[in-house]
Amino acid sequence: MPIRRRTLLGLAVSVAALFSAPMAWAADFPDRTITMVVPFSAGGSTDLVARLVANKMSENLGQQIVVENVGGAGGSIGAAQVARADPDGYTILMGTVATHALNPLILKTKPYDAEKDFAPISLLVLVPNVLVVNPQFPAQNVKELIDLLKKDPDKYAYASSGNGTPLHLSGELFKTMAGVSMQHIPYKGAGPALNDVIANQVPMMFDNLPSSSGHIKGGTLLALGVTTKERVPSFPDVPAIAETIPGYETYSWNALFAPAGTPADVIEVLHKAAAKALQDPDVIARMGQFSASIVASTPEELATHVKAELAKWEPIVKASGVQMD
């Protein structure tokens with residue numbers, strides 16, 4: 001058999017093997033449990049996406065992926081933990097716009113370098129945000145909210161998943177563009193913040209749509225508007241905030257990262273397992289329920305995405321004046 005033909009045949013066999021289960025073709029990785037660190041508390045959007053993906057990746061890899069919630073400091077504590085972990089593929093991060101675009105711009109003391117300290121695996125999904133209020137809140141739409149906030153400046157507060165998170169900056173951008181004032185109350189993750197809004201301890205919050213969607217459908221939260229340019233398919237009756245405040249737009253994203261120095265063949269195994277997980281019909285259906293857009297990028301595309309996000313958010317952060325120690 002000619003060398004060229006043997007080479008092509010070998011490549012074809014290799015490609016087919018990428019999606020065989022379990023994926024044990026790259027040496028013996030993985031041969032034990034993998035930890036996926038979620039840098040926020042349980043119950044939020046990032047945690048929700050992580051558990052969906054981790055379950056399917058576990059099936060694809062033939063080894064369990066355990067989700068570990070390490071919340072605090074806008075996601076920087078969990079991200080720093082992964083940055084310092086052994087670069088062997090057994091500790092990975094469910095990163096977000098907070099960990100890899102906002103924290104590097106907001107934190108005065110940098111616990112990690114968002115680009116140099118991580119090996120990109122895959123940009124998984126883009127996630128809409130939403131402004132929700134307790135159903136008893138007097139404002140029932142964005143215009144009424146703006147009128148109320150202008151009538152009683154500083155009387156009302158909004159919650160977020162933490163200082164410097166995209167949900168916090170969604171609120172700060174709203175305040176700036178609407179010309180209103182309200183107090184910010186940061187939490188260690190979206191889950192505890194949502195609980196207090198539902199309990200009417202705080203009247204409103206900006207949240208990722210996945211973690212709020214069930215409460216919106218159940219009537220325990222009222223959605224005033226989504227933060228994307230246009231309405232989202234899963235909630236067509238919820239207006240975009242941009243319909244009242246032209247030009248307003250924010251969104252979140254989730255991506256997988258490993259510590260810098262993780263071997264390329266290990267990154268490839270993890271990438272293929274994540275890509276296959278995002279092709280699963282159950283995962284596609286669940287993501288569609290809260291209008292998350294599946295991306296499933298290559299590692300190289302994720303690296304480019306992080307650079308672009310840093311450039312996009314830098315002027316917004318500067319305008320907000322948000323800085324943290």
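**Figure 1. Ser252 counts as buried, at 6% relative accessibility.** Buried here means under 20% relative accessible area, with exposed over 50% and partly exposed in between (1.4 Å probe, protein chains only). This is a predicted model, where local features need pLDDT of at least 70, side-chain atom pairs count only at pLDDT 80 or more, and totals for chains, interfaces and linings use all residues. Residues are numbered from 1 along each chain as its sequence is written, and side-chain values use heavy atoms, with hydrogens and water left out. Ser252 sits in strand β9; strands (E, at least two residues) and helices (H or I, at least four) are DSSP runs, numbered from the N terminus. The Ser252 side chain makes a polar contact with the side chain of Asn129, at 3.1 Å. A polar contact is a pair of N or O atoms within 3.5 Å; within protein, one must be able to donate a hydrogen and the other to accept it, and residues adjacent in sequence count only if both atoms are side-chain atoms. Skipping residues up to four places away in sequence, Ser252 touches Val97, Val125, Leu126, Val127, Asn129, Pro166 and Asn208, where contact means heavy atoms within 4.5 Å. His305 is 53 residues away along the chain, and its C-alpha atom is 13 Å from that of Ser252.

**Figure 2. Thr250 lies in the loop between β8 (222–226) and β9 (251–259).** Is Thr250 buried or exposed? It's buried, with a relative accessible area of 3%. Its side chain makes a polar contact with the side chain of Ser170, at 2.8 Å. Ser170 also turns up among the residues that Thr250 touches, along with Asn129, Leu173, Thr227, Thr228 and Trp313, if you don't count residues up to four places away in sequence.

**Figure 3. Thr96 belongs to strand β3 (residues 91–96).** Thr96 has a relative accessible area of 4%, so it counts as buried. What does a polar atom of its side chain find 3.0 Å away? That's the backbone nitrogen of Ala98. Leaving out neighbours within four places in sequence, Thr96 is in contact with Phe40, Thr46, Ala101, Trp253 and Asn254.

**Figure 4. Val53, in helix α2, has 0% relative accessibility.** That value makes Val53 buried. Not counting residues up to four places away in sequence, Val53 touches Leu124, Ala277, Leu278 and Met287. Gln64 is 11 residues from Val53 along the chain, with 12 Å between their C-alpha atoms.

**Figure 5. Helix α8 (residues 209–218) has several buried residues: Leu209, Pro210, Ser211, Ser212, Ser213 and Ile216.** What covers them? The cover includes α2 (45–61), β4 (118–133), α7 (190–198), β7 (204–208) and β8. Just after α8 comes Gly219, with a positive phi of about 85 degrees.

**Figure 6. Zooming out, the chain has 11 helices and 10 strands.** Buried residues make up 54% of its 325 residues. Among contacts between residues at least 6 apart in sequence, 78% join residues at least 24 apart. Along the principal axes, the C-alpha atoms fill a box of roughly 80 × 40 × 30 Å.
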